[in-house]
Amino acid sequence: MSENSTNVAEIIKSSLTPEDYAAIYARKSNVKESLSLDTQIKRAKELAQKNNLIVYDIYKEQASATKHFESNRKEIQRLLQDAKENKFKTVIVFKRDRLARNIDDYYKIRNIFRENKINLLFTDDVEYISDNSMLSSLIESFYMCLSGLEAEIIKSRIEPGKENKRKRAEYFAPKVPFLYEKDDSEKPFKFKPKSQEASKELEELIKLYIDSNDYTSDVEVKFKELLDKYMDSKSKKIYHFNNFIKTPTWAGLQLKNLKYKFEDSIIINKDTNELELNREMYQKCTNVVPLISEELWFEAMKVWLKKSNYNFSHKKEYPFKNILYCGKCKKKIYLFDDTYHCKKNCFKVSVNEIQKILLSKLVEDIFKNDTVSNKLSDKITMLKDNIKKIEYEISNYNKQLNNKIMDMIKKNEPLENDDIKQILSKIKKLNNEKTSLESDLIQFTNCYENINFYKGFKENLEEKILSNYDDINSIIESIIERVVLNEKSNIQIEYK
């Protein structure tokens, strides 16, 4: 697009109001959910066009709505922030349950929309349209109760079954694992190798990977040959060696606990100072016939961990993540199997000990007095003032730009002009500053609201905090620089 066209588009854009814009929100809980994000967005765009609305932005995410939207859904937070800033007056979504699955969250979101006079449109024809009356609110409550109940029923049916199977050391998966076939002749059913040949070829591949000490071209050829022979073309497109090699099922193993993830089992060997897997976190599957030996798989994982440059700061969520540091080696401290320790294993501190010493201190400092809340409130006010100042500057530059363009059009002069480029550059710079400040504002606002939320729990506050890692970690990361742990449980808290 030429700069000429861009400037004309800017002029047109400046004449539009928030009422001319619509935001599209799309959400799915997991990869397997039938209604894709693309389908939701396509339907929303069609509805926007039908109502002569311009799409301001598309907010899409893959996240569960059963958890509080403030904790794990960045796009819904961004949508609500933009709604508060009057960037559009319509939100288009497939159904109510895309916004929230529980009634409390839905009312929080709906109230923000109402306070900012946001019109809500649904692409699902059967979704009830509210007219904001008392009767409509009652009907909406009924719909949301059903939606939340549906999610709870599904979860209550599936989760206990999974947990019981894991306790019995039974492997369970919706699909038969690659290179296996299901044998229903026994109860419980077993997963057995497709053939002795498949087992032999996998073993040769793993041994070649270990001997090569890397994913070499020879290993790649062997891997592709295995996929070509035993896997359909559709699955091959999404099957990568990194995921393939990390599959414990080849050795007839699985993690002991459903809550464990592969990353949780990574530890540092004290003797070699190298990463390896904690074998105690794995168990033999009673209904899986191994394709390769346990020893061979664990050896392959040593190679993978060494060559993958695995980042030790993995995604596991736990209390005080990202703020704990070792006073001896100055490295970050992580939680492994109910024990906090650094990469070098300088010393270990139990979860109970950390909770007893650190949590009580944080509760006293953050939740039982107003000092932190007041500082956050001042910070939020300052950020809002700075954003308003930048918006004022942007508005002035836009006026200068429009006047400059109109003047040049009247004089029939070319729009490619150094003055215009300079103004556009200033606007871009200010918009970047504004985006950064808005990001900080969202972070500190969420932190402030979460602190006030938890202040309402007079009893069992520490227990409540430990059950909501995401909320608490976001609070801690906003106001605490670091917590340094030394031997004998000596703790130093450094506030921002």
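This is a predicted model: local features need pLDDT of at least 70, side-chain atom pairs count only at pLDDT 80 or more; totals for chains, interfaces and linings use all residues.

Q: What is the strand order of the open sheet, and how are the strands paired?
A: The sheet is made of 4 strands in the order β2-β1-β3-β4, and the pairing is parallel. From one strand to the next, the twist averages 20 degrees.

Q: Why are β2 and β4 said to stand at the edges?
A: Each of these strands, β2 (54-62) and β4 (119-122), has a single partner strand, so one side of each is left without a neighbour in the sheet.

Q: Why is the aromatic pair of Tyr-56 and Phe-88 called tilted?
A: The ring centres are 5.8 Å apart, and a pair requires centres within 6.5 Å, so the two rings qualify as a pair. The planes make an angle of 50 degrees, whereas stacked would need under 30 and edge-to-face over 60, and the pair is therefore tilted. The structure holds 17 aromatic pairs.

Q: What makes this a link between distant parts of the chain?
A: Tyr-56 lies in strand β2, while Phe-88 belongs to the loop between α4 (74-84) and β3, and the two are 32 residues apart.

Q: Why is Tyr-56 called partly exposed, and why is Phe-88 called buried?
A: Buried means under 20% relative accessible area and exposed means over 50%; Tyr-56, at 33%, falls in between and therefore counts as partly exposed, whereas Phe-88, at 0%, counts as buried.

Q: Why does Glu-75 count as buried?
A: Glu-75, in helix α4, has a relative accessible area of 18%, which is under the 20% limit, so the term buried applies. Its contacts beyond four places away in sequence are Tyr-25, Ile-58, Tyr-59, Lys-60 and Glu-61.

Q: What makes Arg-482 a residue that lies over the face of Tyr-325?
A: Arg-482 is placed over the face of Tyr-325 at 4.0 Å from the ring centre, and the distance limit is within 6 Å. Lys-182 likewise lies over the face of Phe-189, at 4.2 Å from the ring centre.

Definitions and conventions:
Residues are numbered from 1 along each chain as its sequence is written. Side-chain values use heavy atoms; hydrogens and water are left out. Two strands pair if DSSP finds at least two bridges between them. Axes are lines fitted to C-alpha atoms, for helices over the stretch in contact, and angles run from 0 to 180 degrees between N-to-C directions. Rings of Phe, Tyr and Trp (its six-membered ring) pair if their centres lie within 6.5 Å; planes under 30 degrees apart count as stacked, over 60 as edge-to-face and the rest as tilted. Buried means under 20% relative accessible area, exposed over 50%, partly exposed in between (1.4 Å probe, protein chains only). A charge sits over a ring if NZ of Lys or CZ of Arg is within 6 Å of the ring centre and within 35 degrees of the ring normal. Contact means heavy atoms within 4.5 Å.
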